[in-house]
Amino acid sequence: MKVDYIIVGFGLVGMAFCEQLEQHDKSYLVFDNFSQQASKVAGGLYNPVVLKRFTPVWNAQVQLPIALRYYSRLERLLKKSLQVDLSILRRFHSIEEQNLWFESRDHVLLKDYLAPTLVANANKEISAPYQLGRVEKTGKIKIAEALGLFEDYLREINVFHKESFDHAEIDPDNSAVFYKGVETKHIVFSEGFGMKNNPYFAKLPMVGNKGEYLIIRSMSLNLREALKFSLFIIPLGDDLYKVGATYNNQEKNNTPTVNAKEIILQKLEKVIKTDFTVVEQMAGVRPTVKDRRPLVGTHHQYANIHLLNGMGSRGILAAPWAAEVLFQHIENQKALPAEIDINRFTY
């Protein structure tokens, strides 16, 4: 059997690369063992502003339009609405934070995203004594639903293999890669934190950062926008909200913990004043990198083995752009941006 590509790993960035292949009529197979959960538990927000100190998200001005076009194509392919218009309100902790908001609006990369007037808090169930700032041009993607629908599509066309990929079975060649009877021109690894078990790329400096979320139900919260303070509260509909996330670079597993739940609840109870119940807790390890930039490129020794990984907590924005960049690099020999090229590291 011959295909143009094998993709190993089907999270946010693996799905984005599959869509690139669909656009360009390339044949492919996908392998995934569902060991990585970061994409499926992610909050799904896209947001061009780092809301801790009101600074621009790296490369957001390039990534945002590419991402929005990608999600629109995905909706057409999957015949499902996946994009939700959703503003983000930033709760201020002090007058100093209000002042910083207005100072930050002078930045050329932020003036279109930070609203010029503050929002008075009209929700009696939210404590916001210093008012709120509205972030423009934000939204939410139904990522878990998108991944499920795309997986269904891949199964229908008989290219999805739910199994662990055996790296030892790869037989690299100058003109092709052979794997268990399949000949492919290229193999792209998008395994998330699972990359640490990949002998071709395991030495790259992926740190990994475990994040945990809660799903809560509140009949009276009535929050219509996403609310950001030390956590995010993201409306899901039907009185459900996703709340999180934690950041833990010590644990590298998908198991929810009591400690993370307690941390989230302590922070949440300082801001909302109404009753709620915890419906679910979820966890996943984000594929974060030492220098906070993606890992994209071609193996220094094997010209047909490639990596697409390391989106961290910004995969909603970064994944569509990175997938496009890698595809153009492979197919049309376009140079990779130096800040994401894996060959910035020794491995």
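I counted aromatic pairs in this predicted model and got 20. Trp58 sits in the loop between strand S5 (55–56) and H3, while Trp321 belongs to helix H7 (residues 315–332); 263 residues separate them. I then checked accessibility. Trp58 is partly exposed at 23%, whereas Trp321 is buried at 7%.

Next I took Tyr200 and Tyr302. This pair is edge-to-face, with 5.7 Å centre to centre and 80 degrees between the planes. Tyr200 is in the loop between strands S13 (182–189) and S14 (209–217), and Tyr302 in the loop between strands S19 (295–298) and S20 (305–309), so the pair ties together parts 102 residues apart in sequence. Tyr200 is buried, at 14% relative accessible area. Tyr302 is partly exposed, at 27%. I also found both tyrosines in a cluster linked by ring pairs, with Phe31, Phe165, Tyr179, Phe189, Phe201 and Tyr347.

Lys40 lies over the face of Phe34, 4.2 Å from the ring centre. Lys242 lies over the face of Tyr213, at 5.3 Å.

Last, I turned to the helices. H1 (residues 12–23) packs on H3 (residues 60–78) at about 70 degrees, with the axes 11 Å apart. That makes the two roughly perpendicular. On the H1 side I listed contact residues including Leu12, Met15 and Ala16; on the H3 side, Tyr70, Leu74 and Leu77 are among them. The contact residues divide into 7 nonpolar, 2 polar and 3 charged.

How values were computed
Residues numbered from 1 in each chain as written. Predicted model: local features only at pLDDT ≥ 70, side-chain atom pairs only at ≥ 80, totals over all residues. Heavy atoms only, no water. Axes fitted to C-alpha atoms, helices over the stretch in contact; angles between N-to-C directions. Helix = DSSP H or I, 4+ residues; strand = E, 2+ residues; numbered from the N terminus. Parallel < 35°, antiparallel > 145°, perpendicular 65-115°, else oblique. Contact = heavy atoms within 4.5 Å. Nonpolar A, V, L, I, M, F, W, Y, C, P; charged D, E, K, R; others polar. Phe/Tyr/Trp six-rings, centres within 6.5 Å; stacked < 30°, edge-to-face > 60°. Buried < 20%, exposed > 50% of the residue type's maximum accessible area, 1.4 Å probe, protein only. Lys NZ or Arg CZ within 6 Å of the ring centre and 35° of its normal.
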